[in-house]
Each structure stands twice: as C-alpha cells, then as structure tokens.
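Hello,

Here is the structure I promised to pass on to you. Have a look at it first, and then read my notes below with the picture open beside you.

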Amino acid sequence: MIHRDDLTGLVLAGGQGRRMGGRDKGLEPFAGRPLVAHACAPLVGRVSEVLINANRHLEAYAEQGDRVIRDAEAGYQGPLMGIYSGLHAARTPWVVVVPCDSPALPDDLVARLVAGIGAMDIAVADDGERLHPVVALIRRSLVDDLARALAQGERKIDRWYDLHAWCRVDVSDCPDAFANLNTHDEKQRLERLHGKESARR
C-alpha cells in the first residue's frame, strides 16, 4: 500500500508559455489565485511534500509549494525534463505529477492514482477519450532510466512510458477536470465553467 509519506507531489510549471505570448502560465490569475495554486490544491495534505518545477519567477513559485526546482538542464527541454528533475529531487519512492495549467483537478486525484497503479511502475489518467500523460503517478526508481533516455535525446513522454510497466486510471466520470489551459480564450472559458460549478456547491 502506498501511503502519504511515500508520495511527493510535482507540479510542472517550467514551460515557456509560448501559446500565451511567453507569459509564465503557472502565475496567470485564475478565479482569484495563480493557476499553480489550483494545481497544488489536490496534492496538499495528500503527499509528504509539494515540489514545483519552474524556470522563472522562482520566488513567486516558492510561495505556493514546499520546494521549487529548476530543470536539471537549461533550454526549456519540455515536460519530460521537468519530470526527471522532480524524480531526481524527490525523497520518496513515488511522485505524483500534475501540470500547472489544469485548475480543476479532482480532490481525490492522488487516491485515484494510488488505487489504480497496482503492481505497475506508472499510472496515467485517462478521461475516456484521451490520456493525460502529465497527470501520473511514477515510481521514483525510474529516475536513472529516464536520465539515460534524455541523454539519448528522448523528449516524448508517451514513448518513455511505453518502455515501462504502465496502466491507465479511469477518470472518465470527470473529464472536464482534466482540461488544461493554453490560450487566453481557454482561460476565460474555464473560468466561466469554474464559476458555475462553484455557485452550485
């Protein structure tokens, strides 16, 4: 059984935000808080430590997590480098990965991933239509294998996952929770949806 003390949370916020005009996406305001604060919410209290992978505005991110870690290699090499950096920095056997631009992740996300992983090394959220490879539970002992893959030029998350024992975790009952925000229009749409859901609670 995987317990809270076996888990580190990792929020990926190290991208360039090119589709948002180069803005630091994790710090974009959403429903009164930075996006990264919403991404951290389902992790807080459910993991032993929350890491934020960021490459800019480190002091601002430090207010949201327990530790901020840069990419192990410079040059904005993508989310697989962010995952490696988190695995390398983690002090627990397991790492729960989430993106900074999914502000509506379910509160029970960690429990769902833990319940679904079984004897596998990686569990990935699947909303019934598509996989969400940056919403995952990953065994930290894969860190050296990932280092080798990166050194060989691999930057595709799904290709690296396919080298290991991985499984899908069904989240098809709440697919909207896994929507991510890449443009200003998507941000406005998600804020409207978030407001309606909050009003119904």
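One term before we start: two residues are in contact when heavy atoms of theirs lie within 4.5 Å. Please also keep in mind that this is a predicted model.

Let's begin with one residue. Which residues does His164 touch, leaving aside its neighbours within four places in sequence? They are Ile122, Leu142 and Asp145. His164 sits in the loop between helix H6 (157-161) and strand S9 (166-170). Is His164 buried or exposed? With a relative accessible area of 15%, His164 is buried, because the cut-off for that word is under 20%.

Next, the sheet. Seven strands form an open sheet with mixed pairing, in the order S5-S4-S1-S6-S8-S7-S9. Strand S5 (67-69) and S9 are at the edges and have a single partner strand each, so one side of each has no neighbour in the sheet. On average, neighbouring strands are turned by 25° against each other, direction ignored.

You can follow the pairing strand by strand:

- S6 and S8 are antiparallel and share four bridges; here Trp94 stands opposite Arg139 in S8.
- S7 and S8 also run antiparallel, joined by five bridges, and Ala125 has His132 in S8 as its bridge partner. Four residues lie between the strands of this hairpin, and Gly128 takes a positive phi near 100° there.
- S7 and S9 run parallel, again with five bridges; Val124 is partnered by Arg168 in S9.

Two helices pack on this sheet. Helix H3 touches S1, S4, S5, S6 and S8, and its direction makes about 150° with that of S1. Helix H4 touches S1, S6, S7, S8 and S9, and its direction makes about 135° with that of S9.

Now for the inside. In soluble globular proteins, nonpolar side chains tend to be buried together. The largest nonpolar core here has 33 residues, and those touching the most other members are Leu7, Val11, Leu43, Ile52, Val96, Leu137 and Phe178. Elements that each supply at least two residues of this core include strand S1 (7-13), helix H1 (35-40), strand S4 (49-54) and strand S6 (94-99). H4 gives the most, with five residues. There is also a second, separate core of 26 residues, which includes Leu12, Ile83, Ile138 and Val143.

Leaving aside neighbours within four places in sequence, its contacts include Val11, Val36, Cys40, Tyr61 and Val68.

That brings us to the cysteines. A disulfide is a covalent bond between the sulfur atoms of two cysteines. How many disulfides does the structure hold? The number is zero. For Cys40, the nearest cysteine sulfur is that of Cys100, 9.6 Å away, and a disulfide would need the two sulfur atoms within 2.5 Å. Cys40 counts as buried at 3% relative accessibility, and Cys174 counts as buried at 18%.

Enjoy exploring, and write back with any questions!

Best wishes

Technical notes:
Residues are numbered from 1 along each chain as its sequence is written. This is a predicted model: local features need pLDDT of at least 70, side-chain atom pairs count only at pLDDT 80 or more; totals for chains, interfaces and linings use all residues. Side-chain values use heavy atoms; hydrogens and water are left out. Buried means under 20% relative accessible area, exposed over 50%, partly exposed in between (1.4 Å probe, protein chains only). A nonpolar core is a set of buried Ala, Val, Leu, Ile, Met, Phe, Trp, Tyr and Cys residues joined through side-chain atoms within 4.5 Å. Two strands pair if DSSP finds at least two bridges between them. Axes are lines fitted to C-alpha atoms, for helices over the stretch in contact, and angles run from 0 to 180 degrees between N-to-C directions.
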